[in-house]
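Q: Got this one open on my screen and I'd like to talk it through. Can you take my questions as they come?

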Amino acid sequence: MTSIEADYLVVGAGAMGMAFVDTLLAESDATIVLVDENHQPGGHWNSVYPFVRLHQPSAYYGVNSHALGNEDSVDRSGFNEGFFELASGHEVCAYYDQVMRNHMLPTGRLTYLPMTRYLGDGRIRTLDGREQQVTVRRRTVDATYLLTIVQSMRSAPFSVADGIGVVAPNDLPRRAGDHDHFTVVGGGKTGMDCCLWLLRNGVPAQKVRWVKPRDSWLLNRANIQPGADFAWRLRASMAARMEAIAEASSPDDLFRRLEAAEILFRLDPSVEPTMYHCAIVSERELEHLRLIEDVVRLGHLEHVEHDRIRLRDGALAAGPSLYVDCTTQGLPRPPSVPVFDGDRITLQSVRSCQQVFSSAFIAHVEATYGDDPTRNELCVPITHPDVPIDWLRHAMEDNTATMRWVQDPELMSWLQAARLNAVRNLFPEFPPGKERVRDRAMGALAVALTKTNGELAALMGGA
């Protein structure tokens, strides 16, 4: 068995692993071995459907040191018109490949091993069957703890009679031409993407049935835009959030206020959402999704016959249709563990639903701070959301993290410069010599966030 030696062994070259490696290479002199089972970097992006796009602006995705696409580009047509561009899945994969070839590998400090399985205890097996031992001087980094599983990576969880077509979204463009009716199964981001793809390509809304086991609260993309021109919208939405929290009498009342302030959307104002997964939509996307009137809310689909479908909470008549399986969990929700634990780092979200930012932030903290208790105080994991009350939990946890971070001026400087930081325009920059002004502003922010967290705690206590 041959041996490789490095400061870090990073397992997983997906979005989180790439963001971590990028920042560690930029901010330290560390050597790294990066192993991944895919043939190229990008993780689950190598298996996504061909029409997938980011739900958040490209400006907040990828690695910290290199822009994804043209960060100044605003879409002039389509459902995202007027907002900053959303990279396609193909663009994301090409981006990670270019970052690897043109920026990471030329450092000479990264050994990248695709098509390689991690066996544990520093052992790896490459495609040719050879096993090697990686001698790790500092830490092993698990970048797979929040591994995303997409539909094409597993079979549908419902059964169908012989002759009924079921496809993952990956095969929808190839198979759609043979059908004139479609049943989209799943109410999350992928289900929305498939419905919008069908509508965009001329399928009448009445030819689409949408099986939604749960309705979701959705984030308004207008409030999640980069650049100085949108900074006012970000600040206004943050102020509206705090006002809604302060005035709400219950969680349900809070969601009504957030909806009225256009912080959150829902598909049908008459249906109470029972899901929140950080999905993001524009108003134009929402308008088109509302054109689909055949929405089935009878729980998970269990079995399909030629003339009938059986769901957990009932059954319905059915005719010929192509079933599109969009039922994967999406955001994984394993239990939180310490990010820094001896000779191990476990990458997790330390800000609500911002995995790549979190990974870059963790790498910065690893390179900058000298002890794990301090590092773990700065990097408290935030478990991915599932139900609406998690919106309140995430708001509390984000506020708590911000209060920790603003106490460190150097960390705040890093945050204001970090490309992946979606709220980098929220706080003004303070020039040298204005430290007292900065400290007063950060102190006032901490007071406001403490008050908001008290109000959130009261609302959650009565939930």
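Q: Let's start with cysteine 195: buried or exposed?
A: Cysteine 195 is buried, as its relative accessible area is 0%. The cut-offs are under 20% relative accessible area for buried and over 50% for exposed, with partly exposed in between (1.4 Å probe, protein chains only). Bear in mind that this is a predicted model, where local features need pLDDT of at least 70, side-chain atom pairs count only at pLDDT 80 or more, and totals for chains, interfaces and linings use all residues. Numbering runs from 1 along each chain as its sequence is written, and side-chain values use heavy atoms, with hydrogens and water left out.

Q: OK, how many disulfides turn up in the whole structure?
A: Searching the whole structure gives 1 disulfide. Its partners are cysteine 278 and cysteine 353, with 1.8 Å between their sulfur atoms. The link of cysteine 278 and cysteine 353 is right-handed, at 55° about the S-S bond.

Q: Which parts does that pair tie together?
A: Cysteine 278 sits in strand β13 (residues 275-281) and cysteine 353 in the loop between β20 (344-346) and α8 (355-368), so the link joins parts 75 residues apart in sequence. Helices (H or I, at least four residues) and strands (E, at least two) are DSSP runs, numbered from the N terminus.

Q: Are those two cysteines buried or exposed?
A: Cysteine 278 is buried at a relative accessible area of 11%, and cysteine 353 is buried too, at 17%.

Q: Speaking of glycine, where does glycine 165 lie?
A: Glycine 165 is in the loop between β7 (159-160) and β8 (166-167). The residue counts as buried, with a relative accessible area of 14%.

Q: What is glycine 165 in contact with, leaving aside neighbours within four places in sequence?
A: Arg175, Ser321, Leu322 and Tyr323 are the contacts of glycine 165 on that basis. Contact means heavy atoms within 4.5 Å. Glycine 165 and leucine 322 are 157 residues apart along the chain, and their C-alpha atoms are separated by 5.2 Å.

Q: Switching to valine 339. Which loop is that in?
A: The one between β18 (322-325) and β19 (340-341). Valine 339 has 0% relative accessibility, so it counts as buried.

Q: What does valine 339 touch, not counting residues up to four places away?
A: Valine 339 touches Arg344, Ile345, Thr346, Gln348, Ile362, Asn376, Cys379 and Pro381. There's also valine 141, 198 residues away along the chain, with 9.5 Å between its C-alpha and that of valine 339.

Q: Now a helix: where's asparagine 399?
A: Asparagine 399 is in helix α10 (residues 389-405). At 8% relative accessible area, asparagine 399 is buried. Leaving aside neighbours within four places in sequence, the contacts of asparagine 399 are Leu449, Thr452, Asn453 and Leu456.

Q: Zooming out, how many helices and strands are there in the protein?
A: The protein has 12 helices and 20 strands. Buried residues make up 53% of its 463 residues.

Q: And what share of contacts with a separation of 6 or more is between residues 24 or more positions apart?
A: That share is 73% in the protein.

Q: What about the radius of gyration?
A: The protein has 23 Å, which agrees with the value near 23 Å for a compact globule of 463 residues. That radius is taken over C-alpha atoms, and the globule rule is 2.2 Å times the number of residues to the power 0.38. Along the principal axes, the C-alpha atoms fill a box of roughly 65 × 60 × 45 Å.

Terms used
Disulfide = S-S within 2.5 Å.
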